[in-house]
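Please look over the two-chain model shown here. A short report on its build follows.

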Amino acid sequence: MNEDLAITRPSAIAGSHRKQMWRRLARNRWLYLMLLPGIVYFILFKYVPMYGVLLAFKNYQPFLGFLKSEWVGMEHFSRFFGDPLFWMLLKNTFILATYNILFFFPLPIIVALLLNELRKEVYKRFIQTLIYIPHFMSWVVIVSIAYLFFTTEGGLVNEGIAAMGGEKIQFLLDPGWFRTFITAEVIWKETGWGTIIFLAALAGVDTQLYEAARMDGANRFRQLWHITLPAIRSTIIILLILRLGNFLDTGFEQIWLMLNSLNREVGEVFDTYVYSTGISQGQYSYSTAVGLFKSIVGLILVFAANQLAKRFGEEGIL
Amino acid sequence: MVRDRTFGSRLFDVLNITFLGLFALITIVPFIYIMAGSFATQKELLEKGFILFPTEFSLEAYNFIFSTSTLMRSMGVTIFITVAGTLINIVLTCLMAYPLARKDLDFRKPIQLMVIFTMLFSGGMIPTFIVVKELGMIDSYWSLLLPGAISAFNLIIIRSFFQQLPEGLEESAKIDGASDPGILMRIVIPLSMPAIATFSLFYAVGHWNTFFSAVLYINDAAKWPIQVLLRQIVILSQGGSLGDTTAFESDFVPPEQSVKMAVIVISTMPILVVYPFLQKHFAKGVLLGSVKG
């Protein structure tokens, strides 16, 4: 575009800018054509539903359609916040998320550190290969396996208990066991896969550091404490902050699959409640309000987590 | 790498390998038990309880499953949505990622922002459900293929991957008169094959495990993917969904343990078969994401 450079008259600059842009748009027409399906996708399946959250402020009647349904303001929200169920959902979500952070979050770090200490690469590879497998199974498969092991009707564990003269335990129905099962299933499915990111961080540690530490007489534990852990510190912090940002996401499919009429009081969380009131009972507007509440709190948490990351001197995620 | 040979250090090695071995065993034994159980007779399962190798090898469970049309139909549905879905994912993702990787494109930033925002906020289950419903996709396979056609996360990573390709290649192709689609097809995609293969795998596993979108959008049991059927058979124990209900009505018996196990085996088999060969790609994909995400 050399001829554009020749233009010097100020009055012509604005016009020439526009002309240049049109020329670029025309030249890149294929690129815009390629973008088109993607843009249509994002608008249709992401932005139209975002606009659809306005349902939360309406009383949606399917036969009237979105536009003709009447506005009701904050009615659905005040109904939701006034319902004792709200506190139950908040409590259940909070407990499950806390269990997840306390009992699951540290495990991939520990296993990664232990894998890193293995002397033979072959062992490491072999164990890695095995422990990644459950990550690729669907929650339906994982929960199905849990059912086959723990059901009272011929399940392995209960048969074992019975054979030893004990009394069968209603693992899958008893509300007391619900949270344990949710957490244990997550540990079983995701611990192995969770190590990957830490192992990658560990692979980047300069081996000279270890040599120098050994020269200074540091034993393995001290090497771990002073070299290995600091090397993955920022990965741990970032992942913990990300996890806090997604605090309300408690693994919808898994919980939904584990729920039954007996354990609802401990198992129902925001997402499952949206499903049962919205899809099963057809209260579209009310359940949209519940979902919107969760999305907004989630958004705030992500931004807060990002600020926190920056406070820790990390780059942040946004 | 560590060369100290003190007693404590060796003891740690022994304990470490034992612990990790045990962990790997806990991970894998349930699968082996399910697989062994699927080949066992109901009698042996009941008598022995835990078997890792059936003494009486039986194909009863599989014979039963393959004699019914339901399971094979669901497998067919899942295979179809896996192949078609992955194809749609990759084509749409690459088509959108390439223009966004071109720094000279006008409106690139706002479009990118539009994509990234969807990772932070979503309309949620119900508004999406209504959109899919209004589009007339209920009980259509499109409802399983289109609403998740592009993952914003994967899109951004593939875009970054495209950006890392040497610019000189594109420019020389342009001088040779290649068009933008030509450059994408003949230069960018072939050079990005490792990344594209990795993301195809992730997309494909996701489609194979399609479950909840089918619960939401597919009411017609004849169109259920295998995961939904698996839930019916094992978790809800509604054995009636297996096989022709009319033929079953009079003397219906809930499926035996071995049948349930066989259904789990069949529905996970494809992943287990390809997994060992593709394991490296899977791991690479995560790192691709963590570095540039």
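## Ground rules

This is a predicted model; local features need pLDDT of at least 70, side-chain atom pairs count only at pLDDT 80 or more, and totals for chains, interfaces and linings use all residues. Residues are numbered from 1 along each chain as its sequence is written, while chains are lettered from A and ligands numbered from 1 in the order in which they are written.

The predictor's confidence in each residue is its pLDDT, on a scale from 0 to 100. Chain A has a mean pLDDT of 89, with 94% of its residues at 70 or more. Residues 1-7 of chain A fall below 50, and this stretch has 4 contacts in the model beyond near neighbours in sequence. Two residues are in contact if their C-beta atoms, placed from the backbone, lie within 7 Å.

## Chain B overall

Chain B holds 15 helices and 0 strands. Both are DSSP runs numbered from the N terminus: helices are H or I with at least four residues, strands are E with at least two. Of the 293 residues in chain B, 35% are buried. Buried means that 20 or more other C-beta atoms lie within 10 Å of the residue's own; exposed means 12 or fewer, and partly exposed is in between, with C-beta atoms placed from the backbone. Take the contacts in chain B between residues at least 6 apart in sequence: 70% of them join residues at least 24 apart.

The UniProt annotation "transmembrane region", from an unreviewed entry, covers residues 12-36, 77-101, 113-132, 144-162, 183-205 and 259-278 of chain B. Such positions are given in the numbering used here, feature names are shortened, and annotations may be inferred rather than shown by experiment. In the model, residues 77-101 of chain B are 100% helix and 0% strand, with end C-alpha atoms 35 Å apart. Residues 183-205 of chain B are 96% helix and 0% strand, and their end C-alpha atoms lie 29 Å apart.

## Domains

Domain bounds come from an automatic or database domain assignment. Chain B divides into domain 1 (7-58) and domain 2 (62-292). The two meet through 7 residues of domain 1 of chain B and 7 residues of domain 2 of chain B. On the domain 1 side, helix 1 of chain B gives the most, with 4 residues.

Chain A divides into domain 1 (2-71) and domain 2 (75-311). Their centres, taken over C-alpha atoms, are 39 Å apart. Here 6 residues of domain 1 of chain A are in contact with 6 residues of domain 2 of chain A.

## Where the chains meet

The interface pairs 74 residues of chain B with 74 residues of chain A. Helix 15 of chain B gives the most to the chain B side, with 14 residues. That side divides into 50 nonpolar, 17 polar and 7 charged residues. Ala, Val, Leu, Ile, Met, Phe, Trp, Tyr, Cys and Pro count as nonpolar; Asp, Glu, Lys and Arg as charged; the others, Gly among them, as polar.

Helix 6 of chain B is mostly covered, with 8 of its 10 residues buried. The cover includes helix 3 (29-52), helix 16 (270-280) and helix 17 (284-311) of chain A, together with helix 7 (142-145) and helix 12 of chain B.

## Nonpolar cores

A nonpolar core is a set of buried Ala, Val, Leu, Ile, Met, Phe, Trp, Tyr and Cys residues joined through C-beta atoms within 7 Å. The largest has 104 residues; Val143(A), Ala97(B), Ile158(B), Leu230(B), Val263(B) and Ile264(B) have the most contacts inside it. Helix 4 of chain B supplies its largest share, 11 residues.

Helix 9 of chain B (residues 167-175) lies largely in the open, because 0 of its 9 residues are buried. Just after helix 9 of chain B, Gly177(B) takes a positive phi of about 90°.

Most residues other than glycine have a negative phi. Phe107(B) has a positive phi, near 65°. Phe107(B) sits in the loop between helix 4 and helix 5 of chain B. Asp139(B) also has a positive phi, near 65°, and lies in the loop between helix 6 and helix 7 of chain B. Asp139(B) is partly exposed because 13 other C-beta atoms lie within 10 Å.
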